[in-house]
Amino acid sequence: MHALTHDGVTLHILDQGPRDGRVVMFGNSLGSDLRLWEALIPHLPEGLRLIRFDKRGHGLSDCPPGPYSIEDLSGDAAAICDALGLRDVTFIGLSIGGLIGQSLAARRPDLLRALVLMDTAAKIGTPEMWNERIANVRRDGIASISDAILARWFAPGFAESHPAEFTLCRNMLERGPDEGYAGCCAAIAGADQTEATRALTLPVMAMTGADDASTPPDLVRATAELCGAEFHEIAKAGHLPCYEQPEAVAALLKDFLDRT
């Protein structure tokens, strides 16, 4: 376990693997923390240096008052890279983590070797939609909307076939601070990476769950086309394919790492 204080915010970091291994850094989705990747990690190739972190307002990281911006969040990720001396990073970003990855690639191209966009887009939803969610969370708490969120996280039938895992994800979501969730909603509301992502020149791979109702496959495919990325659709997965189908995701990642 590591901690870094950047811009007055203390961030929780997990740094695993050989110091001289190829660096793979993970950006979590909205409402999740770095434990989201636990099912995927055992299926990845050996010898990688794996960097996970809780973005501000999530997990064990500080929760400063919102709103946040994508620049705040990608600045946190860049500060982690600088503090740990990381270069040639392959950044894997899920949902808001993908927006963070796009911003990081555009603002700090010196840090990244390659980018994986998972269930994300250059622009997600509308400010009006996110502002309504912020108002609901600030008024009634995350638990008041968790059923709707969880329904989009997973493919149909997952809750019934994996009740214990589903409960753990509900706990992870509902126990997070409302202010952190709302702050990151504001970051998504204000983020439009379209032109910056169109200008990216590093290798990019995009993937999405076939049953993702948060960032549907057509939305992810459009962002892949924007930056010339390859695109993969993962069967029997919703918004969190790394959790539902870790072996399928790991196979795609291994191939991409081998080629980049």
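This is a predicted model: local features need pLDDT of at least 70, side-chain atom pairs count only at pLDDT 80 or more; totals for chains, interfaces and linings use all residues.
Residues are numbered from 1 along each chain as its sequence is written, and side-chain values use heavy atoms, with hydrogens and water left out.

Me: What is the order of the strands in the open sheet of eight strands?
Reply: Strands (E, at least two residues) and helices (H or I, at least four) are DSSP runs, numbered from the N terminus. Two strands pair if DSSP finds at least two bridges between them. The pairing in this sheet is mixed, and the order is 1-2-4-3-5-6-7-8.

Me: Which are the edge strands?
Reply: An edge strand here pairs on one side only. Strand 1 is joined to strand 2 (residues 9–16) by five bridges, and the two run antiparallel. The edge strands are strand 1 (2–6) and strand 8 (230–234).

Me: Which strand is joined to strand 6 by six bridges?
Reply: Strand 6 is joined to strand 7 (residues 204–209) by four bridges, in parallel, and Met-118 stands opposite Met-207 there. On another pairing, Gly-93 has Leu-117 of strand 6 as its bridge partner. The strand with six bridges to strand 6, also parallel, is strand 5 (residues 89–94).

Me: How many of the seven residues of strand 6 are buried?
Reply: Buried means under 20% relative accessible area, exposed over 50%, and partly exposed in between, with a 1.4 Å probe and protein chains only. Strand 6 (residues 112–118) is largely enclosed by the rest of the structure, because the number of its residues that are buried is six.

Me: Which helix lies between strand 5 and strand 6 in the right-handed β-α-β unit?
Reply: A crossover is right-handed if, with the strands pointing away from the viewer, the path from the first strand over the helix to the second runs clockwise. Strand 5 and strand 6 make such a unit with helix 2 (residues 96–107).

Me: At what angle do the axes of helix 1 and helix 2 cross?
Reply: Axes are lines fitted to C-alpha atoms, for helices over the stretch in contact, and angles run from 0 to 180 degrees between N-to-C directions. Angles under 35 degrees count as roughly parallel, over 145 as roughly antiparallel, 65 to 115 as roughly perpendicular and the rest as oblique. The two axes come within 9 Å and cross at roughly 70°. That makes helix 1, to helix 2, roughly perpendicular.

Me: Which residues of helix 4 are exposed?
Reply: The buried residues of helix 4 (residues 146–153) are Ser-146, Ile-149, Leu-150 and Trp-153. They cover an arc of only 95° around the axis, taken from the directions to the C-beta atoms, so they lie on the same side of helix 4. On the other side, the exposed residues are Asp-147 and Ala-151.

Me: Is Ser-95 buried or exposed?
Reply: Ser-95 is found in the loop between strand 5 and helix 2. Its phi is near 60°, a positive value in a residue other than glycine. With a relative accessible area of 8%, Ser-95 is buried.

Me: Where is Lys-236 found?
Reply: Phi of Lys-236 is near 55°, positive in a residue other than glycine. Lys-236 is exposed, with a relative accessible area of 64%. Its place is in the loop between strand 8 and helix 10.
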